[in-house]
Amino acid sequence: MLVNTIQKPNFLLSKIIDHRNFAYASLLFSQIPHPNNYAFNVMIRGLTTTWQYYSKTLHFYYQMKFLGLKPNNFTYPFLFIACANLLELSHGQLAHSSVFKLGLDVDSHTTHSLITMYARCGELDRARKVFDEIYERDLVSWNSMISGYSKMGYASEAVELFGKMREEGFVPDEMTLVSILGACGDLGYLSLGMWVQGFVMKHKMKLNSFIGSALIDMYGKCGDLVSARRVFDGMHEKDVVTWNAMITGYAQNGMSDEAIKLFHAMKYAGVKPDKITLVGVLSACASIGALDLGKWIDTYASQRGLQHNIFVSTALVDMYAKCGSLDDAQRVFENMPVKNEVSWNAMISALAFHGRPHEALSLFERMSTEGRDACPNDVTFVGVLSACVHAGLVDEGWRYFKLMSSTYGLTPKIEHYSCMVDLLARAGQLYEAWDFIEKMPEKPDEIVLGALLGACQKCKNIDVSERVMQLLLQIEPSNSGNYVISSKIYANSRRWDESAKMRVLMRQKGVNKTPGCSWIEIEAQLHEFLAGDDLLYHSIDIYQVFELLNVEMKREGYIPKVNQQVQMR
């Protein structure tokens, strides 16, 4: 390249960056004999915004300083954005010192990027200090701080600052509203979210993907799926982000059937699923056992090069495990090039709940030594303690329970106490389990008590069960299971009057027994049915599945427990 023949290489450099040609831009820059501030700033801007090569941004910044050139207000905004994306707080702080020395702390573009950098690095107090020191704030100033709070999980602070912004007479724009909708979703602040939608309609703002997806996400997190779907259906143009917001909303609210239906509609509309789509649909598949669709997604992910994405792979592990295909779950897990805590936890829990406790405990030990950056957390120990429950390993359970705080600095939560109660109860140590409950630092919940009550039924222990029943009926007076199990415990001890009283009490309180629900998947179609359903409207294929299940259960030696029916006088 004959740079000497080019009269204005800086102008050409800027045009090349606009055409997103990194190799050509780098080559041209390297051929400039004495690049000035402008040439460096053009490259730093391109590296940060066009190519997002944030590490190279830092390299060019330090090269610029090494050559004796002074960074200016066209340098630092892009440098801070690079530091924000790299989470390079130390480099950002050094640059902040330089900004202060150069008197650039009054430049609005610099301070806005500085707020973003501190917020992304988790230094919200420093971000707020920069914001508070801005003499004349504009809308971008407010947006930078509100967005920083919202994205980093400080939803209450975001809403509070939004209120102050309105008090000072600023009118929110699209960026403000998207940030606030994110905060509303985190807080479950439905009324403010509805106000935002009203503001959008009143000011005739375009319901584009940016704000439409934020509204759908907010309604989904607040549990208002009807409003979320109304927004979704009202959007004329839907991109993958919009579809993802609605699918995820359904999946996270337990409406797995709707999530899967919408996924099929998305494919029919010609929108290509991305990794976020796959994670949402896999979550829905896991909830209702839609194994065929889950396998299709596994194949699709491989074809699209997404099979090694840590979020997709972890969702596949969870889906396969919950659909009963443990071998496939292990295959995906072992093929993952990188595993985080969620990945290890999914596999440990899968092994534990599939009755392979020793493999689960072995995997935990492997995580402790091979996990690199993946450190066992409270979810890990739920899986580990569950494995001890399935294997009846009381001493090991106690060891792991104590290991949580002694080695990993974790405070046991109600889920861990529940596992320990279940472990002791299944081992027949009902009084030890009750003593453990009484010594808990917090009040037992229905999960802990339910585990013990179930064990009391099996061991026919009236003494402990009556203590548990008294607490359970206070905590969950509308749970039909508590009345039914209590009635059966009395019946098994031939205390017919007490058994009948539990049934009468259940009727007096207007509690109805919740029917069992199951799904059967035939040729990628899910069929739902409830216990006691009249199956006349179902196809003959489902009857054939039932017959196969009966044959398989008999072959495995299953005998119905007809003697456990409650006898009434």
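A salt bridge here is a side-chain nitrogen of Lys or Arg within 4 Å of a carboxyl oxygen of Asp or Glu. By that rule, the side chains of Asp233 and Arg229 meet in a salt bridge, 3.0 Å from N to O. A search of the whole structure finds 19 such bridges. This is a predicted model, in which local features need pLDDT of at least 70, side-chain atom pairs count only at pLDDT 80 or more, and totals for chains, interfaces and linings use all residues. Residues are numbered from 1 along each chain as its sequence is written, and side-chain values use heavy atoms, with hydrogens and water left out.

**Overall build**
- The protein chain has 31 helices and two strands. Both are DSSP runs numbered from the N terminus: helices are H or I with at least four residues, strands are E with at least two.
- The C-alpha trace spans about 100 × 55 × 50 Å along its principal axes.
- Of the 569 residues, 45% count as buried. Buried means under 20% relative accessible area, exposed means over 50%, and partly exposed lies in between (1.4 Å probe, protein chains only).

**Salt bridges**
- Asp233 and Arg229 sit four residues apart in helix 14 (residues 225-234), so about one helical turn separates them. Asp233 is partly exposed at 49% relative accessible area. Arg229 is also partly exposed, at 25%.
- Glu359 pairs with Arg356, with the closest N and O atoms 2.9 Å apart. Glu359 is partly exposed at 34%. Arg356 is partly exposed at 26%.
- Glu552 and Arg555 form a salt bridge at 3.0 Å, N to O. Both lie in helix 31, three residues apart, about one turn of the helix. Glu552 is partly exposed at 38%, whereas Arg555 is exposed at 60%.
- Asp186, Asp217 and Lys221 are linked in a network of salt bridges.

**Largest pocket**
- Its volume is about 760 Å³. A pocket is found on a 1 Å grid over the protein atoms alone: it is an open set of points where a 1.4 Å probe fits, with protein on both sides within 12 Å along at least five of seven lines. The volume is the space filled by probe spheres set on the points, which are joined across faces, edges and corners.
- The pocket is lined by 31 residues, and the closest to its centre are Ser147, Lys151, Val178, Ser179 and Phe210. Lining residues have an atom within 4 Å of a point.
- Helix 7 (108-120), helix 9 (139-151), helix 11 (174-187), helix 13 (209-221) and helix 15 (240-252) each supply at least two lining residues.
- The lining divides into 11 nonpolar, 13 polar and seven charged residues. Ala, Val, Leu, Ile, Met, Phe, Trp, Tyr, Cys and Pro count as nonpolar, Asp, Glu, Lys and Arg as charged, and the others, Gly among them, as polar.

**Positive phi**
- Most residues other than glycine have a negative phi.
- Leu87 has a positive phi, near 55 degrees. Leu87 lies in the loop between helix 5 (76-86) and helix 6 (89-102), and is exposed at 55%.
- Lys204 has a positive phi near 50 degrees. Lys204 is in the loop between helix 12 (190-202) and helix 13, and is exposed at 76%.
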